[in-house]
Amino acid sequence: MLIVAMGTDDRKSLTEEHFGDSKYFAIYKVDNNGWELLEYRENRSPEERIHGDPRKASSIVEQLKGVDILLAHAMGPNFVRMRDNSPFLPIISRQRDIERALSLLKERYDYVSSVIEAKRNGKWDRQPIILK
(Lines give C-alpha, C1' and ligand atoms only; values in the text may rest on other atoms or scores of the structure.)
Protein backbone atom coordinates (compact mmCIF):
# COMPACT_ATOMS: atom_id res chain seq x y z
CA MET A 1 0.00 0.00 0.00
CA LEU A 2 1.18 3.49 -0.88
CA ILE A 3 -0.08 6.83 0.43
CA VAL A 4 -0.43 9.46 -2.28
CA ALA A 5 -0.96 13.22 -1.98
CA MET A 6 -2.31 15.21 -4.91
CA GLY A 7 -2.68 18.97 -5.17
CA THR A 8 -6.23 19.98 -6.13
CA ASP A 9 -8.39 23.08 -6.10
CA ASP A 10 -11.73 21.46 -6.97
CA ARG A 11 -11.30 17.95 -5.47
CA LYS A 12 -11.79 16.44 -8.93
CA SER A 13 -8.66 17.34 -10.86
CA LEU A 14 -5.00 18.02 -10.27
CA THR A 15 -4.30 21.72 -10.02
CA GLU A 16 -2.89 23.37 -13.14
CA GLU A 17 -0.58 25.36 -10.90
CA HIS A 18 2.36 23.94 -8.99
CA PHE A 19 1.60 21.29 -6.37
CA GLY A 20 2.34 23.67 -3.49
CA ASP A 21 -0.06 26.31 -4.82
CA SER A 22 -3.13 24.06 -4.60
CA LYS A 23 -5.96 24.74 -2.13
CA TYR A 24 -6.11 21.14 -0.90
CA PHE A 25 -4.08 17.97 -0.76
CA ALA A 26 -6.19 14.91 -1.59
CA ILE A 27 -4.74 11.95 0.31
CA TYR A 28 -5.36 8.47 -1.13
CA LYS A 29 -4.35 4.95 -0.25
CA VAL A 30 -3.37 3.03 -3.43
CA ASP A 31 -2.54 -0.62 -4.02
CA ASN A 32 -2.80 -3.22 -6.80
CA ASN A 33 -6.54 -3.53 -6.21
CA GLY A 34 -7.50 0.13 -6.41
CA TRP A 35 -7.58 3.26 -4.30
CA GLU A 36 -9.45 4.85 -1.43
CA LEU A 37 -9.78 8.50 -0.48
CA LEU A 38 -8.49 8.99 3.06
CA GLU A 39 -8.93 12.74 3.50
CA TYR A 40 -8.53 16.24 2.14
CA ARG A 41 -6.03 18.47 3.88
CA GLU A 42 -6.17 22.22 3.45
CA ASN A 43 -2.86 23.59 2.18
CA ARG A 44 -1.53 25.77 5.00
CA SER A 45 1.84 26.59 3.43
CA PRO A 46 2.95 30.23 3.55
CA GLU A 47 2.93 32.49 0.51
CA GLU A 48 6.21 32.43 -1.33
CA ARG A 49 8.54 35.40 -0.95
CA ILE A 50 10.42 34.17 -4.01
CA HIS A 51 9.60 31.50 -6.61
CA GLY A 52 10.62 28.11 -5.21
CA ASP A 53 10.76 29.44 -1.63
CA PRO A 54 12.31 26.71 0.59
CA ARG A 55 10.04 27.78 3.50
CA LYS A 56 7.06 26.68 1.44
CA ALA A 57 8.68 23.32 0.68
CA SER A 58 9.41 22.79 4.39
CA SER A 59 5.80 23.57 5.26
CA ILE A 60 4.49 21.06 2.72
CA VAL A 61 6.87 18.36 3.98
CA GLU A 62 5.51 18.94 7.49
CA GLN A 63 1.86 18.86 6.36
CA LEU A 64 2.32 15.63 4.39
CA LYS A 65 4.16 13.42 6.87
CA GLY A 66 3.34 9.78 6.26
CA VAL A 67 2.84 10.27 2.51
CA ASP A 68 4.92 8.24 0.04
CA ILE A 69 4.12 9.96 -3.27
CA LEU A 70 3.44 13.52 -4.38
CA LEU A 71 1.41 13.32 -7.60
CA ALA A 72 1.14 16.55 -9.60
CA HIS A 73 0.44 17.90 -13.04
CA ALA A 74 3.19 20.55 -12.96
CA MET A 75 6.66 20.48 -11.46
CA GLY A 76 8.32 23.56 -10.00
CA PRO A 77 11.60 24.17 -8.15
CA ASN A 78 10.26 22.90 -4.82
CA PHE A 79 9.03 19.69 -6.45
CA VAL A 80 12.62 19.00 -7.52
CA ARG A 81 13.88 19.99 -4.06
CA MET A 82 11.47 17.52 -2.46
CA ARG A 83 12.55 14.80 -4.87
CA ASP A 84 16.13 15.21 -3.73
CA ASN A 85 15.73 16.10 -0.05
CA SER A 86 12.58 14.50 1.31
CA PRO A 87 11.13 11.01 1.75
CA PHE A 88 8.54 11.68 -1.00
CA LEU A 89 8.66 10.32 -4.52
CA PRO A 90 7.31 13.03 -6.84
CA ILE A 91 5.39 11.77 -9.87
CA ILE A 92 4.04 13.82 -12.77
CA SER A 93 0.69 12.98 -14.35
CA ARG A 94 -0.21 14.26 -17.80
CA GLN A 95 -3.82 13.44 -16.88
CA ARG A 96 -5.41 16.08 -14.65
CA ASP A 97 -8.51 14.03 -13.75
CA ILE A 98 -7.79 12.51 -10.32
CA GLU A 99 -9.57 9.22 -11.05
CA ARG A 100 -7.64 8.80 -14.31
CA ALA A 101 -4.32 9.69 -12.63
CA LEU A 102 -5.00 7.14 -9.89
CA SER A 103 -5.83 4.51 -12.49
CA LEU A 104 -2.50 5.15 -14.24
CA LEU A 105 -0.66 4.95 -10.92
CA LYS A 106 -2.38 1.66 -10.08
CA GLU A 107 -1.27 0.24 -13.45
CA ARG A 108 2.35 1.00 -12.51
CA TYR A 109 2.00 0.13 -8.82
CA ASP A 110 4.69 -2.57 -8.69
CA TYR A 111 7.22 -0.41 -10.54
CA VAL A 112 6.50 2.67 -8.40
CA SER A 113 6.76 0.57 -5.22
CA SER A 114 10.19 -0.66 -6.33
CA VAL A 115 11.36 2.90 -7.01
CA ILE A 116 10.20 4.02 -3.56
CA GLU A 117 12.09 1.14 -1.99
CA ALA A 118 15.22 2.03 -3.98
CA LYS A 119 14.88 5.69 -2.90
CA ARG A 120 14.60 4.67 0.75
CA ASN A 121 17.79 2.63 0.33
CA GLY A 122 19.63 5.46 -1.44
CA LYS A 123 19.88 3.48 -4.67
CA TRP A 124 17.57 5.20 -7.13
CA ASP A 125 18.49 6.98 -10.33
CA ARG A 126 16.28 10.08 -9.82
CA GLN A 127 14.64 9.65 -13.19
CA PRO A 128 11.20 11.24 -13.15
CA ILE A 129 8.14 9.03 -13.34
CA ILE A 130 5.59 10.46 -15.74
CA LEU A 131 2.12 8.98 -16.03
CA LYS A 132 0.60 9.45 -19.49
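This is a predicted model: local features need pLDDT of at least 70, side-chain atom pairs count only at pLDDT 80 or more; totals for chains, interfaces and linings use all residues.

User: Is strand β5 largely enclosed or open, and how many of its residues are buried?

Analyst: Let's take the two faces in turn. On one side L89, I91 and S93 are buried, and on the other P90 and I92 are buried too. Strand β5 is therefore largely enclosed by the rest of the structure, the buried count being 5 of the 5 residues.

User: Which residue in β6 is the bridge partner of I92?

Analyst: Good one to trace through the strands. β4 (residues 69–72) and β5 run parallel, joined by 4 bridges, and L70 has P90 as its partner in β5. β5 is also joined to β6 (residues 129–131) by 3 bridges, again running parallel. In that pairing, the partner of I92 is I130.

User: What handedness does the unit of β4, helix α2 and β5 have?

Analyst: The pieces here are β4, helix α2 (residues 77–85) and β5. Together they make a β-α-β unit, and its handedness is right-handed.

User: How far apart in sequence are the parts that R126 and D84 tie together?

Analyst: These two residues form a salt bridge, with their closest N and O atoms 2.9 Å apart. R126 sits in the loop between α4 (109–120) and β6, whereas D84 belongs to helix α2, so the parts tied together are separated in sequence by 42 residues.

User: What is the relative accessible area of E36, which pairs with K29?

Analyst: The side chains of E36 and K29 meet in a salt bridge at 3.2 Å, N to O. K29 is partly exposed at 26%. E36 is also partly exposed, and its relative accessible area is 40%.

Terms used:
Residues are numbered from 1 along each chain as its sequence is written. Side-chain values use heavy atoms; hydrogens and water are left out. Buried means under 20% relative accessible area, exposed over 50%, partly exposed in between (1.4 Å probe, protein chains only). Helices (H or I, at least four residues) and strands (E, at least two) are DSSP runs, numbered from the N terminus. Two strands pair if DSSP finds at least two bridges between them. A crossover is right-handed if, with the strands pointing away from the viewer, the path from the first strand over the helix to the second runs clockwise. A salt bridge is a side-chain nitrogen of Lys or Arg within 4 Å of a carboxyl oxygen of Asp or Glu.
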